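Visitor: I'm new to reading protein models. Could you walk me through one, feature by feature?

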Amino acid sequence: MSDFKIVGNPNPVVGVLEVYSVSDFFEKVPSNPFSNENSFSYNPVYWEVYVLELGKWRKTKENDKTGNKISYTFFEKSLTRKGIRILAKKGDKIARLDIKSLPSQPKIDHIELLDKNGAKINGRLSYGQTVKARVFCLNMEKQRVSVTMWEDDVKGAGHDKANEKNFIEIKSGIVKFGKADIDFLLKPSFAKVAEKGGHEKDKIHEFYVTAETGNGKIASNNINVNAPEVPIAPYKAKTTPKKEPIKSNVPVQQPKTKTSETPKAVISKINSVNLTDTAGHKIKGISREKQIKVWINSTGLIGREVRLKLYDEDLVSNDLLFTHNVTIQSDLHAIVVSLDSISRSLGGDNWAEGNEQELFAEVEVLQTHDFIKSAVVDVDATVFKQDPVEKTDKVLKKGESNKNSAKGKGECFCYKDFEEKDVRKLVKLLKGSETIWEGQALRGGKRVDCRINDKSFATLTKELNVALKKYEINSCIQKIHFLAQACEETGTFTLSEETKSDFISSQSIYKGRGLLQLTGVRSDPTDSKSRFDKPGPYHDYADYVGDQNITKKPEIIANNVKYCIDSGAWEWSISKKMPSNKNSQAVKKWGAETAGKSLNELALYADKYLELISVLLNGRNSNTQMPNGWNKRKSNYILLKNNFFFYNKYHTNDSKPVNPLDLVTYHIYAEGKIEKVIPKIIKKGYENKYNYVYHDKNKEEHSICVLDWFKTKGKEVGIVYKSKPTHAEILTDENVSDGSTTRRVKYKNDDIAEYGKHPTKGLIWRLYKSTGKDIELIKMPDSLEYSVGEVVIKYSFSSTKRKYTGPNVFAGFIGALAECSNPDGIVTTGSCFKEGSCFPSAEHVNGRSVDTLYYYNLKKDQEFIDAVVKFKFTEVLVGNNDYFKKLKNAEDGGDLHDSHLHSGNFNNNSIIKINK
């Protein structure tokens, strides 16, 4: 056949798998000489997908496929595309098929239970952890879906009516971009339901979730949760509690009328969002102004808070450049944004499309989560704040001495070999011990051995120095990047090859080996389940070094220490590169300056391309949308940069880099002492920041974090009201979704009233009166994971939004976490809200207390209680069943504290203030 065309459905339904092929056959070519096949195979067809944006066809690299017959599934976003085109290529033959996708019937496609970060759950969970129910939907954008959690007592997957007696709870979420994420906290009380229908000897509890569809319930996968170590109180069927008046000596404000306090429904919505120049004119062509105006046209939203976001539009993912919360003042509300204050994080000096940046705005109503986007406009990218790296990061040339060393002492590692003591120090920093190539320890005392031929530090140091010189990994910042990635890939020189696991690559002939896990290619590129049994990069590296034994015996890369390290440096400087075509999708995303650059060249931009380098090495996680192993790669990079290379000491034009002497610093000591050191002169730009530094028992310093602080009016302990307090002029009265808090009233005199469900009192109001005095609060990081040597400081939040606390309290909390150094960290249910209120609690005002979930392990719980007492928390409350009676240094907090430990009333007077 001479006619070369694509055969397949040009009008696919969203969410339905479609198969596409070509109408012509191809000549036979010999199969891979390194495989066991003796037959011939057909030369494959190369497939690409293009989308029409701003009048131009742009290629979507993530949709590239190879094969005579392939499949595509089009999703919700395809409905909004102005044009979609599939191309099939073979030599000089090209076939095109224009696609117009059709909407599906509204439906829930499937549900997955994932960990709190959206990743697949491997192994068992524990009570106190959070799981995420991800509901995948078709044609249901902005609709609310409800999900029910059940405990499973029946064998097999799916939902069984026999489990309907094991109801746990119902939660809901809004569908955005085809999916709704709903978080469930695995509360210890769930275990009561699990043990009601299970066996006393059961060690594992199973849970799953369902959502209602037209054909009944659709169920998620099951998750396994370890049963608590102590018996749970016998299960009692839920009964509707009798409504009784709340007994309190606090005055109760009676409502003036008999009308319900539930606010009336108000028709409120965002009608449109538009971007214009500062004069309000529509932007035509490329705007050269340094400011842009965002117009929000809304109905019924005056006094409500919305979140404005500015994005750089891209084919793969839209990059968030700017976010700001705004209170709507009128139905047509305008906001001026200065572009020269926004970091231009994605581009270089020479952009592919006339040096422009494509912007669009998104505005979301915080109370309802409804959102709307603007059209895309083009602005001049050079008006954005420029990345300072290339101006301040001076890389020493060969033979040039470093004159920036502090007080003339010491020198950096630019063009300098490592000594064995340096490598030992580096390994200890990242691993906690001076051990290399020890193999991986498994459960049950087993171990995967590392079969590298020389396990000495001397040889590791020698081969590292040889490879760094050979592949011109010369500057400190290049070495920092290279070693951060190599240590993630090898477990800081623990293993030299991928261990056998569920990953297909690990079961392959050309599995990951060497310092950067040199890996072959799939035997069938069209089959995601095929093994990596073709040499690919192995063959390229064998050609480069002139040793074909590498292809015949790939284990050489893992067993020979020279090849192990050299292959990693080869990948870093020679093999792994960005596309050289400036019009390629990847280059447009990251900027023209990245075109054709190797990882070693990208590393010269310091922090700027850490994410890109990580993605090029090991891909992007489909759930988190961040590079695989991102947290470890980033942690390695930060630790090496700050604690081994001391990069800022030698590589900035500023002779006084920010350090604890330049800003207010909390010094937290292992013996329980906390000092707040206030310098005589605070570095400009750091006036509203606090630095937190932990000093371990060996007198080593650990820089934990730098946080912004702000002032708000202090609050008195919350008092209960039956109805909404009307004692003062009301500024705002809003529905919110802040954990247990569903409504918040702000008064002109700075009082706050909050309404919601209390765990023991039911639906109540709490009034938090203003003290009239300013207090300081900080926003706790959403999570903290610091691990160096024996020091571990790690926590995460439950679904709470009480993420603010007092600066002193946070110092004590860091001290307690470091004292325990639990590798599993701890889960906190929070401290207070931004205004100092803390519903449903009365006692967390002003962030003076922190709640955490129990481990339900006597040793761990006692260790943490002792630690918070050591670091100056004076009120520690626990539950009152038999388990809690075994704990010391804590008071009986009643049933309310069966679910969480209360560490409260931090002693602010214990902080030692030192004015320099």
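Visitor: Let's start with two helices. Which residues in H15 meet which residues in H16?
Guide: Keep in mind that this is a predicted model. To read a helix pair, look for the residues that touch across it. Here Phe813, Ala816, Leu817, Glu819 and Cys820 of H15 meet Glu863, Phe864, Ala867, Val868 and Lys870 of H16. Sorted by kind, the residues of this contact come to 7 nonpolar, no polar and 3 charged.

Visitor: At what angle do H15 and H16 pack, and how far apart are their axes?
Guide: H15 covers residues 807-820 and H16 covers residues 858-870; the angle is about 140 degrees, and the axes lie 8 Å apart. That angle makes H15 oblique to H16, because only angles over 145 degrees count as roughly antiparallel. As for handedness, the crossing of H15 and H16 is right-handed.

Visitor: What about the inside of the protein? How many residues does the largest nonpolar core have?
Guide: The largest nonpolar core has 117 residues, and Phe482, Tyr692, Ile793 and Phe810 have the most contacts inside it. Take Ile793: not counting residues up to four places away in sequence, Ile793 touches Tyr694, Ile704, Leu784, Glu785, Tyr786, Ile814, Leu817 and Ala818. There's also a second, separate core of 30 residues, including Val147 and Ile168.

Visitor: Now single residues. Is Thr66 buried or exposed?
Guide: Check the relative accessible area. Thr66 has 16%, so it is buried, since buried means under 20%. Thr66 sits in strand S7, residues 65-66. Beyond its neighbours within four places in sequence, Thr66 is in contact with residues including Tyr46, Trp47 and Pro525.

Visitor: And how does Ser787 compare with that cut-off?
Guide: Ser787 has a relative accessible area of 40%, so it counts as partly exposed. You'll find Ser787 in strand S41, residues 783-788. Ser787 also shows how a chain folds back: Ser787 and Gly432 are 355 residues apart in sequence, but 8.9 Å apart in space, C-alpha to C-alpha. Leaving out residues up to four places away in sequence, Ser787 touches Leu639 and Val792.

Visitor: Where is Lys748, and what does it touch?
Guide: Lys748 is in the loop between strands S37 (741-747) and S38 (752-758). With a relative accessible area of 56%, Lys748 is exposed. Apart from residues up to four places away in sequence, Lys748 touches Glu729 and Leu731. Lys748 and Leu731 are 17 residues apart in sequence and 5.7 Å apart in space, C-alpha to C-alpha.

Visitor: What should I look for in the backbone?
Guide: Trp437 has a positive phi, near 55 degrees. Trp437 lies in the loop between helix H3 (420-431) and strand S29 (440-441), and at 1% relative accessibility it counts as buried. Ala606 has a positive phi too, about 55 degrees. Ala606 is in the loop between helices H11 (599-602) and H12 (610-618), and is buried at 5%.

Visitor: Which peptide bond is cis?
Guide: The one from Phe839 to Pro840 is cis, with omega near 5 degrees. Pro840 belongs to the loop between strands S44 (826-830) and S45 (850-852).

Visitor: Last one: how many helices and strands does the chain have?
Guide: There are 16 helices and 49 strands. Of the chain's 916 residues, 48% count as buried.

Conventions
Residues are numbered from 1 along each chain as its sequence is written. This is a predicted model: local features need pLDDT of at least 70, side-chain atom pairs count only at pLDDT 80 or more; totals for chains, interfaces and linings use all residues. Side-chain values use heavy atoms; hydrogens and water are left out. Axes are lines fitted to C-alpha atoms, for helices over the stretch in contact, and angles run from 0 to 180 degrees between N-to-C directions. Helices (H or I, at least four residues) and strands (E, at least two) are DSSP runs, numbered from the N terminus. Angles under 35 degrees count as roughly parallel, over 145 as roughly antiparallel, 65 to 115 as roughly perpendicular and the rest as oblique. A crossing is left-handed if the near helix is turned anticlockwise from the far one by less than a right angle, and right-handed if clockwise. Contact means heavy atoms within 4.5 Å. Ala, Val, Leu, Ile, Met, Phe, Trp, Tyr, Cys and Pro count as nonpolar, Asp, Glu, Lys and Arg as charged, and the others, Gly among them, as polar. Buried means under 20% relative accessible area, exposed over 50%, partly exposed in between (1.4 Å probe, protein chains only). A nonpolar core is a set of buried Ala, Val, Leu, Ile, Met, Phe, Trp, Tyr and Cys residues joined through side-chain atoms within 4.5 Å.
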